[in-house]
Structure formats: C-alpha cells, structure tokens
There are 2 protein chains.
Amino acid sequence: MLRSDFTSGPIAGSTKVYRDGVPFRRVNLSNGDHFDLYDTSGPYTDADAVLDLNKGLSPRKDVVRDRGTQLQRARNGEVTGEMAFIAAREGASPDLVRDEVARGRAVIPANHNHPESEPMIIGKAFAVKVNANIGNSALTSSISEEVDKMVWATRWGADTIMDLSTGRDIHLTREWILRNSPVPVGTVPIYQALEKVNGDPTELTWECYRDTVIEQCEQGVDYMTVHAGVLLRHVPLAAKRVTGIVSRGGSIMAAWCLAHRQESFLYSHFAELCEILQRYDVTFSLGDGLRPGSIADANDAAQFAELRTLGELTKIAKSHGVQVMIEGPGHVPMHKIVENVRLEEELCDEVPFYTLGPLTTDIAPAYDHITSAIGAAMIAQAGTAMLCYVTPKEHLGLPNRKDVKDGVIAYKIAAHAADLAKGHPRAQERDDALSRARFEFRWLDQFALSLDPDTAREFHDETLPAEPAKTAHFCSMCGPKFCSMRITQDLLT
Amino acid sequence: MLRSDFTSGPIAGSTKVYRDGVPFRRVNLSNGDHFDLYDTSGPYTDADAVLDLNKGLSPRKDVVRDRGTQLQRARNGEVTGEMAFIAAREGASPDLVRDEVARGRAVIPANHNHPESEPMIIGKAFAVKVNANIGNSALTSSISEEVDKMVWATRWGADTIMDLSTGRDIHLTREWILRNSPVPVGTVPIYQALEKVNGDPTELTWECYRDTVIEQCEQGVDYMTVHAGVLLRHVPLAAKRVTGIVSRGGSIMAAWCLAHRQESFLYSHFAELCEILQRYDVTFSLGDGLRPGSIADANDAAQFAELRTLGELTKIAKSHGVQVMIEGPGHVPMHKIVENVRLEEELCDEVPFYTLGPLTTDIAPAYDHITSAIGAAMIAQAGTAMLCYVTPKEHLGLPNRKDVKDGVIAYKIAAHAADLAKGHPRAQERDDALSRARFEFRWLDQFALSLDPDTAREFHDETLPAEPAKTAHFCSMCGPKFCSMRITQDLLT
C-alpha cells in the first residue's frame, strides 16, 4: 500500500478548469478578471477529483493503439486526438502541431500503455518544457516517497518525470509512478538491466537489455534514454578529461565495450530497438553518455564524436517511424552554449534537444539549480525544447521533496525566460498581468499569478502578516514613504 | 553598543593568508596543495584578528589625501598604493590597473575617509564584482542587524555594500557600517535628505541635498548613487508604462520636478556636486531612476532617454577628475540584455556599468535571486563590471540574514560564470581544481573549494553523515554500483 499523505488541492488563488476537456490552472483575480495558465498537475489540483494512489488515475479513453506512432500519423496528415489536445493547451494551431511532429522537430511522448498521461509536446516551436528526475538509489528512499515526489514535481510545473530508480523495487516503483502520473514518464532501461546482472556492467547482454525494454514498454514508459552513441572508439577520447565519463549509462556502456572489445550492443541492435519502441509509440531520448562533467571538458572531441553518432541513429529511428529527441549537456561555460544547439540541429536533423542544465560553473555545489538555470535559460533561448532540471543536491546526494520543488521552480523560471526571449505568444501576458497586479498593490493577485504563490505569500507574511497589508500601498522593503510605486501612482494618476 | 554576535572565523577548509599584505582565502587541499582565492571578508575570517564592532576595524595607514582622485593620479601616470594592492589581488599588472582607471573604464571607490576598506576595482577588464544592498526600512531592523548583514555579506563574497537605510538612525547606522566594513560602501544620499524633510519629496532643496552629501562624504562613503539623469521632460515618457517608475530615487526626483515644474536640482547643480565628490575621491554611481520595473517596460524610451543624459553627466564628472560608473536595469528579457551594455558603452564612454540583475521574468516573486542571476550572468558576460544582487525577498519585504546570503551566493555564481565566459585568467583554475577533487572523491576538498562549503557539506551529511563517506567513491544520489565516476576511474586508470 502506498502512503496517502501526498499534497493535493488547488494551487493558492487558483482553481482547476477544463476547456473542451483540456485542463488549465485558472487564476481568479480580485478585479474580476481571470487568467488561465498551462497546467501540468493533473487531477491532483482539482478540488473535485477523487484521488487514490493505490488505484491510480483514470485512463484517457480515446487512445488509438493500432495505427502506429504520432510521427507516422502526422506524416499521413492526421491531426490526432493528442495533437488537438496539445494545440488547445499550447494556444497553437493543430496544423502546426501536426507539421512539427511530421518533420520530427517535435515529439509527443505517449506510450499507448500510459493512458493516465495528459498529452504534451516537446519541440522548439512550443513552450519550453521541464523534466524532473526522481527515483530512489540503493542508499535511500521508498516507493511512497518517489510517488509523492512525482505528484509534488508536477504540482509545481514539471512537464515530464524521469524515474531513475537504481535501488530496490525498480519495477514496482515505476508501476506506481506510471499509474499515478498525469505527465509522460521517461526511464533509462540500462539501470534496471544492470540490476538484473547484479551491478556488473560486463555481464550485460543484448537479450537482458531487450527484455527490460519490452517490460518497460509494456508498463507504459513514454520515453527512454538509450546511450547508443557511446562507441568503442569514443572511449579513449574521454581518457584525458578532468572528470572522465559522468553519465551513469555512458560509463556502464563504456565499461561493457572495453571489457568485451566489442561495439556497444545498443548500437549494433539499434534497428531492433526501433521496432520495439515503434510498437508502443515510445520516444527515443538518445542519451549523451559522453557529456562533459566539468567546465574543462565542455564541447570536447568525445562529446561531439558521440553527437555525430546520435545524428546517424536519429535518421535510423525516424526511418522506423519512431519519435526521437537528443540529450545534451551537462557542464558548459556560457560562451560555449550556443554551439551545442547549432551542432545538434545540424547533425540531428533538428529533432528536439533535451539538455541537463547546463551548469555554467563547477564551483557551487549545493546551488547547482542556479548554476544550471543560467545555462538552461540560455540554451533554451537558442532552441532547446526541454530542460532536465538540476536540484540543489546535485553532486551531493539524492534530492528530497524540498530539492525537487527548488529544482522545478528554478527550471520553470529558465523555461519561461526563454519563452519570453523567443517571443512565445502567451509568455509575456503572464508577466504583464503579474506586473500590473504588483503596480496596483493587488498583492494576492501578484502571489496567485506567480510560480509559487505559497512562498511568495509566506515571504510577505514574514514582516507584514496582517490581512490589510495585502492591499497596502507599500511593503517592508521600503516602507510607506519610500515606495517608488506609491509615489509614481500619486504622480501619474 | 552594537551586539557582538556576528559570525567570524575562517571559512570551513580555508585559512586567511596575506601575500605582501594582500589578503587571500587559502584553501588547504588534502593532497598537500593549496589554492588561494580572492577574499572580500576582511579581518572577520582571520583566526588571529582581534575584532570589536564597537571600536571598528584598523585603518589602512598609507591613505594619500592631498593628491586628488585615483582617476587624476592614474592620468598622471602614478601607480597608487591602492592600484598595487588591486593588481596583486586580481593577478593583473599594475600598469593595466592604472591604464584602465586613467581611461575611466575602471573605478576604485575609496573615499579618503574610509581607510578601513581594502582597495578593490570595478571595471570590465577585471573580475566581475558583486554588491549587496543592506539597510533598514521604517518598518523593520536595527543597527546591529544591519552591521551583522554587512559582515555576513562580505563573508560570502560581497565586493561592496550599499547601505540603503530609510528608517530610524540613518546617520548612526551608516557610521557603524563604515567603521566596520572591509569593503567600499555606497549610499543613495537622497534617502537621508528625504528623511530630513519628513518624507515629502516636494520639500527637498539643493541645499539640504548638498549638506547631506557632504555629511556622507565626511563619514567615508565610497560611492553615491545620484539620480541626476531624471529630467523633467523624461517623466511623461514613464506615464504609460506597466510599472511606472520603480526606482525610489527616480520617483522622488520625478515628484520634485513635477511639483516645481523645474529641472532637477541634481542636474542643474551637477558641477557643484562633482567638486564635492572630487575632494574626497567619492565615486559617482549615476542612478537609473527610470529603469524598467517589468518585462513590458524594458529598453523603452524613458530608460534610454535617461541613459543619454547619464552620458552627458559622465563627461562632466570625468572632466572634474571624479570617478564614475553607470547604473543599469532592472527587468529585461534575455533577448534585450546585450543592447543595454552596447548603448551604455557607446553613450557613456565605457565607464563601468553596474546593473541590478536584470530579472529575466516577472513571474517568480520569492525567487528573484534566480530570475535575476540569469540576467546578471548574461549582462556581465556582455561587459557589465559590477552586479547589484537581488535577494529572494525582492518585491516582498526587507531581506533578512538568510536572504542576504542567498542573494550573494546567487550573484557570485553569476559573476563567476561571466568571468569564465570572458576568459578571466584565474577563473577556470578554480573550476578545474574543484572538478578534480570531485572526480577523485576528495569530498572535503570539493566542499572547501566551493562558494559555500557549509551548505555543500550539510547537504552531503543529510544522507551520508559518517566521516568515511567523505572519502567514499560514491554518494547517495547513485549509490556505489551506479557511480559513473567510480566506473570511469576503474576503466581509465
């Protein structure tokens, strides 16, 4: 039995609404207006929802299982139910959604066997998305804790979840996450495969890996990280690095290749893998097993050699009708960020780029949500479609609930800053609505429109807890006489 | 009497050293090496220092009071004591320091009457600097609390402090901050002037302002924000903005101009002001009274009209031998950031740019240290010399001690990320040293080399508190079997 002490109910100042079945977070403003926001939180923020983690969420009813992938259907000119849903959610035209998917510039991770998930799209023509990694390790956490982190992360805006569990009960943990997740779920199947061979990378086989992938496809995993670009000949390129290979999957495959003096089974069996993923419409997330783990190693020969291989594999995946995105770094100083996007677009046919940060410096462990939010905003501005969050615990330990929220909020900031810079049609409306509320001293509206109404209010309450302060024309920062907005209002009105 | 419960003693894993009288934070590594870091914390992190807030710090002995400003002396070809100190601190040549000051591209804020401060430089050829705002408001805080924030902010790397007090005891608060501050102190004199006329902007006079400036020069303030660029004709340009005028000084001067239908006394008496500041070598920080307070208002006519006026004033200040820097925004979306730097350089003769963030989105109150660290890193990469921090409390209340630290660390990250991107000679050495420690599982070295060793260790301790874990070849994030670095080390060594 899962514990049932997860957080539910509406975000403060908002209610859940459905417009033609598509969910939004509706902020109800004190001036009578309302403002609808993209909402990733599923039924958990619906005051009327009946929630039972041990039963899972209700499945969508209109899942089409027998006509291939979203990519194949888009190529055939079809606007699927998922595409229509996404168009309404994004405020984009259904044709744009279909066309971007057909070109491979966007993906819709939606395993036929994960009908609990609400359709969403990852592509640079749409709002920048954020993924939150959860999952236990051998040293800490439980199934209930990880399911709770999933609910918590989506509450604050995670667009997808990756379950990176490597500890006990990998299958069961994933099962409960999938059955309760309103967003697509990604995994790295090599982790579970490694557990099956008791943690010795050299004991891995294609058969063991394949069976693990099928098991996870059957469960409903929506996208899978596959480190098929780490080739035998790439490994020596990483030997002189400051931090070697920092991807878990990358290091596992490098160990296998070196031990067997053989090409990676992920690479040699890639076409077979495509056939499996195609059957379920599982999206490839081609992993960057050789991503840089330090500023010193950014944009080096090992990293870009792998990216070239990922370009080859992209073409193969697409020829099988499988959706595909490419994972990117990692640790990259600011002046080397844009090159990553340009090369990915050039080598990988503009399929969606999905980057981990990047961290723009190595010197701030405990604050890597910030070192990396800087890089994430910049790489998203340059065209990255989804950002994998980094929490304050990165490099130090497994993130807890607080870390998950801190990571998600930092990345929603980065994603939104990029949407603004890219001129995404709806992005600035929210900034303007919040700033108008701020200028008009509608404090509660300001909180409600923010990414984290609870903390905004809590901070204001610290010095001015009384209710009248929520309409006062000043705060404790400047006091009444020095409030510039109050002075300006007196002047200009 | 000031309370004496401030934090002192060395940063964890470091000791204070002086090389030819110049202080450094020496990180003592477990492999016998050491690594010296730029150190803003003054005697407070010196284990041997005798500290008494009620007596103040010992003054430097070699302050030259009778030969004008650093700018004038640089123009005369002199390498001052301050310049030599700075050259050693920055790892730059003394000639470069002198030449940049002589050109006006760098400033050394060092009031003759603030000999407690250790010389530092602000200019784009040098490491990017960070300012921390402190100071009480009418609603909260005390002198002891603000002095404590000063010590605390410089401990974590604040290069200068601004005392923005607007509440009780403005003069006395500043006195205790100055006498105990190892870094330059900036102020906004109009705040105290306004207190003298009981908070009514229309009652301000040039004489009241001038006397306040002289009072603060005598005390030892190193740089002063002067909103002399807000002209009568600029005010209507701000009328249609989403957030009007958000600078306190800007709104005060706009109120004065409109009430009197007269040009700002700061502008009309600017030459007189130059003569006063020149006598003490106080640096102008020409304030951006019309900076944008929201994404909607960024880079608008009001903002750039003022910047043009600041360009005029820059030339006047320099002709009087007064050092000058220019303050910048504010709230700016990423794609509009670089234009700010280019225009400032063009209009203001490349004098140092000193920006508040900018925040790259308005939608995250309670996280504006992050929304703005993104903008700060980018604007510093483009050439901004000093970044004014923003704390999590921005827009919500007066920052407390925790907020001050969070703000400083976020901005040290932004500044360092920019130093890396600009190829500052010493910047990457630190990243490399930390990453090597990380790869070699020298956990304590990794913590000691970081911006915040206390929190890095605390986060690691959360899941693995035992001492042997500090040399273990894994952490709780991945556990022993899944540690990529452990696997790589086994592979490549």
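The UniProt annotation "binding site", from an unreviewed entry, covers C475(A), C478(A) and C483(A). The model shown here is predicted. C478(A) is buried, at 16% relative accessible area. C483(A) counts as buried too, at 9% relative accessibility.

**The annotated cysteines**

- C478(A) sits in the loop between helix 17 (453-463) and helix 18 (484-492) of chain A.
- The loop between helix 17 and helix 18 of chain A also holds C483(A).
- Leaving aside residues up to four places away in sequence, C478(A) touches C483(A), S137(B), T166(B) and R248(B).
- C478(A) counts as buried because its relative accessible area of 16% is under the 20% cut-off.

**How the two chains are related**

- Two copies of a chain are related by a rotation about an axis and a shift along it.
- Here a rotation of 180° with 0.0 Å of shift along its axis superposes chain A on chain B, with an RMSD of 0.0 Å.
- That is the relation of a two-fold axis.
- Which C-alpha of chain A is nearest the axis? It is that of I374(A), 2.3 Å from the axis.
- The copies meet through the same surface, because 100% of the interface residues of chain A are also interface residues in chain B.

**Nonpolar cores**

- In soluble globular proteins, nonpolar side chains tend to be buried together.
- The largest nonpolar core has 274 residues.
- Which of its members touch the most other members? They are Y209(A), F284(A), Y209(B) and F284(B).
- Another core, of 12 residues, lies apart from the largest one. Among its members are A74(B), A87(B), A106(B) and I121(B).
- Not counting residues up to four places away in sequence, F284(A) touches residues including M224(A), V226(A), F270(A), L273(A) and C274(A). Its contacts also include L277(A), A317(A), V322(A), Q323(A), V324(A) and M325(A).

- Strand 8 (residues 185-187) and strand 9 of chain A run parallel, joined by two bridges.
- T187(A) stands opposite M224(A) in strand 9 of chain A.
- Strand 9 of chain A also pairs with strand 10 of chain A, in the parallel sense, over four bridges.
- V226(A) has L286(A) in strand 10 of chain A as its bridge partner.
- In strand 9 (residues 223-226) of chain A, Y223(A) and T225(A) point one way. M224(A) and V226(A) point the other way, and all four residues are buried.

- G289(A) lies in the loop between strand 10 (283-286) and helix 11 (301-319) of chain A.
- Is G289(A) buried or exposed? G289(A) counts as buried, at 0% relative accessibility.
- The C-alpha atoms of G289(A) and G249(A) are separated by 6.1 Å, though the residues are 40 apart along the chain.
- G289(A) touches H227(A), V230(A), I245(A), S247(A), G250(A) and E306(A), not counting residues up to four places away in sequence.

**The three-stranded sheet of chain A**

- Three strands of chain A form an open sheet in the order 1-2-3, with antiparallel pairing.
- Strand 1 (14-19) and strand 3 (34-38) of chain A stand at the edges. Each has a single partner strand, so one side of each is left without a neighbour in the sheet.
- Neighbouring strands of this sheet are turned by 40° against each other on average, direction ignored.
- Five bridges join strand 2 (residues 22-28) to strand 3 of chain A in the antiparallel sense.
- R26(A) stands opposite D36(A) in strand 3 of chain A.

**Helix 6 of chain B**

- Helix 6 (residues 189-196) of chain B is mostly covered, with six of its eight residues buried.
- Which residues are buried? They are P189(B), I190(B), Y191(B), Q192(B), A193(B) and L194(B).
- The cover over these buried residues includes helix 5 (170-180), strand 8 (185-187) and helix 7 (206-219) of chain B. It also includes strand 9 (223-226), helix 8 (248-260) and helix 9 (265-268) of chain B.
- N198(B) follows helix 6 of chain B and has a positive phi, near 60°.

Definitions and conventions: Residues are numbered from 1 along each chain as its sequence is written. Chains are lettered from A and ligands numbered from 1 in the order in which they are written. This is a predicted model: local features need pLDDT of at least 70, side-chain atom pairs count only at pLDDT 80 or more; totals for chains, interfaces and linings use all residues. Side-chain values use heavy atoms; hydrogens and water are left out. Copies are superposed by least squares on the C-alpha atoms of residues with pLDDT of at least 70 in both. Contact means heavy atoms within 4.5 Å. Buried means under 20% relative accessible area, exposed over 50%, partly exposed in between (1.4 Å probe, protein chains only). UniProt positions are given in the numbering used here, feature names are shortened, and annotations may be inferred rather than shown by experiment. A nonpolar core is a set of buried Ala, Val, Leu, Ile, Met, Phe, Trp, Tyr and Cys residues joined through side-chain atoms within 4.5 Å. Two strands pair if DSSP finds at least two bridges between them. Axes are lines fitted to C-alpha atoms, for helices over the stretch in contact, and angles run from 0 to 180 degrees between N-to-C directions.
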